[in-house]
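Here is a short report for a reader new to this structure.

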Amino acid sequence: MSAVTIEGVHKHFGGFHALKGVDLEIRDGEFVVLVGPSGCGKSTLLRLIAGLEEINEGRIAIGDRIVNDLSPRDRNIAMVFQSYALYPHMTVAQNIAFNLRLAGRSRAEIAAKVSAAAKMLELESLLDRRPAELSGGQRQRVAMGRAMVRNPDVFLFDEPLSNLDAKLRVQMRSEIKSLHQAVGTTSIYVTHDQIEAMTLADRVVVLKAGSIQQQGKPLEIYRKPANRFVAEFIGSPPMNFFTGRFLREDRRAAIVASDGTAIGVSRDLAIEEGRIVTIGVRPEHLTLTGDPDGLRGRVKFIDPTGAQTHVTVELAGEPTVIVLDSAVECAPGEILTVKVPRDLVHAFDADTGLRIG
């Protein structure tokens with residue numbers, strides 16, 4: 001196992017600046033997830049670590065070795081791709097053993113490693129089958145087994161679950177997490193799915209337009225996003241936002257939106273009187289209330305999801321999502337009164353998007 005150090009890394013594709021001075025330290029044995037929208041640079045960074053792309057500026061070290069000029073085969077990494085890349089004419093056992101045979105390992109060592117990987121990934125009964133006889137989840141486990149037997153310093157996962165259906169994605173997330181807990185190898189995982197990021201990672205790294213926006217433990221990022229982009233990207237459904245002028249009177253403070261709606265916020269926010277700011281509140285933190293001081297809004301859409309119902313209400317001129325228990329019944333056009341919890345409101349600079357306070 002090894003730490004991975006990324007210092008001042010830039011990557012250009014012609015006139016496109018894909019990575020802009022990325023600095024990142026990944027500790028030995030840590031599971032780090034790179035997450036962000038398409039085009040943010042997460043897969044490019046992974047390919048630079050793997051040696052599949054050349055660095056234009058900066059350096060990458062795996063353990064105590066700078067690997068900028070090393071070929072992929074000399075970096076002792078194992079990569080699991082979105083496509084399974086299995087050999088269709090080979091059995092499961094032969095696919096898992098392929099790299100070991102290329103390396104000239106003994107039959108006894110190959111058999112022992114294939115057996116251990118198959119047992120860990122529950123592939124023992126499938127070793128004589130070919131890829132065409134396997135489900136998508138089984139094929140992905142074979143690809144993981146092929147990576148495992150190499151005993152790499154670092155595992156690299158490039159959106160490995162994108163081709164699976166929803167049920168299999170959940171199952172494979174659990175299997176990948178169990179694998180990491182059992183093996184403890186440094187792992188770097190790329191995804192655009194923030195649910196995968198939150199459930200898998202020891203540490204989440206959020207990227208946008210080639211730059212790191214925030215990094216930290218999943219719940220740290222969820223509870224204290226560094227800017228509006230992170231606040232909106234992390235969390236499902238996304239955070240609701242309102243923009244207005246900050247006013248403080250007596251023992252109360254509020255943001256007054258353009259339609260005149262006053263949304264109460266904490267007086268402890270370090271905001272100047274009259275400043276235009278954006279506040280955010282997560283859908284699951286909004287509740288229905290009979291309080292006359294609550295915000296009234298008309299129901300626009302209702303999305304049942306099973307245990308919960310996502311209700312979109314027009315509040316302060318903005319479509320606002322509320323997460324309710326499925327037992328709560330309402331209908332489009334109905335007027336609801338909503339409570340905004342002052343101590344759970346996030347504040348952001350309306351121009352820069354940076355967190356305030």
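## Salt bridges

Glu272 is partly exposed, with a relative accessible area of 48%. Partly exposed lies between buried, under 20% relative accessible area, and exposed, over 50% (1.4 Å probe, protein chains only). The model is predicted: local features need pLDDT of at least 70, side-chain atom pairs count only at pLDDT 80 or more, and totals for chains, interfaces and linings use all residues. Residues are numbered from 1 along each chain as its sequence is written, and side-chain values use heavy atoms, with hydrogens and water left out.

The side chain of Glu272 forms a salt bridge with that of Arg275, at 3.3 Å from N to O. A salt bridge here is a side-chain nitrogen of Lys or Arg within 4 Å of a carboxyl oxygen of Asp or Glu. Arg275 is partly exposed too. Its relative accessible area is 23%. The structure holds 12 salt bridges.

Another salt bridge joins the side chains of Arg27 and Glu30, at 2.8 Å from N to O. Glu30 is buried, with a relative accessible area of 5%. Salt bridges that share partners join Arg27, Glu30 and Arg203 into one network.

## A link between two helices

Glu175 and Arg141 also meet through their side chains, in a salt bridge of 3.5 Å, N to O. This pair links distant parts of the chain. Glu175 sits in helix α5 (residues 166-183) and Arg141 in helix α4 (residues 136-148), 34 residues apart. Helices (H or I, at least four residues) and strands (E, at least two) are DSSP runs, numbered from the N terminus. Both Glu175 and Arg141 are buried.

## The open sheet

Four strands form an open sheet. Their order is β2-β1-β4-β5, and the pairing is antiparallel. The edge strands are β2 (16-26) and β5 (65-66), each pairing on one side only. Two strands pair if DSSP finds at least two bridges between them. Strand β1 (residues 4-13) pairs with β2 over eight bridges, in the antiparallel sense. Val4 has Ile26 in β2 as its bridge partner.

Helix α1 (residues 42-50) lies across β1, β2 and β4 (57-62). The helix runs at about 115° to β1. Axes are lines fitted to C-alpha atoms, for helices over the stretch in contact, and angles run from 0 to 180 degrees between N-to-C directions. Contact means heavy atoms within 4.5 Å.

## Gln214 in strand β10

Gln214 is found in strand β10 (residues 211-216). Is Gln214 buried or exposed? Gln214 is buried, with a relative accessible area of 13%.

The side chain of Gln214 reaches two backbone atoms: the oxygen of Lys224 at 3.1 Å and the nitrogen of Ala226 at 2.7 Å. Leaving aside neighbours within four places in sequence, the contacts of Gln214 include Val204, Val205, Ile221 and Val230.

## Asn99 in helix α2

Asn99 is found in helix α2 (residues 92-102). Asn99 is partly exposed, with a relative accessible area of 26%. Which residues does Asn99 touch, not counting those up to four places away in sequence? Asn99 touches Arg146 and Arg150. Asn99 and Glu329 are 230 residues apart in sequence and 57 Å apart in space, C-alpha to C-alpha.

How values were computed. Polar contact = N/O pair within 3.5 Å; in protein donor to acceptor, adjacent residues only side chain to side chain.
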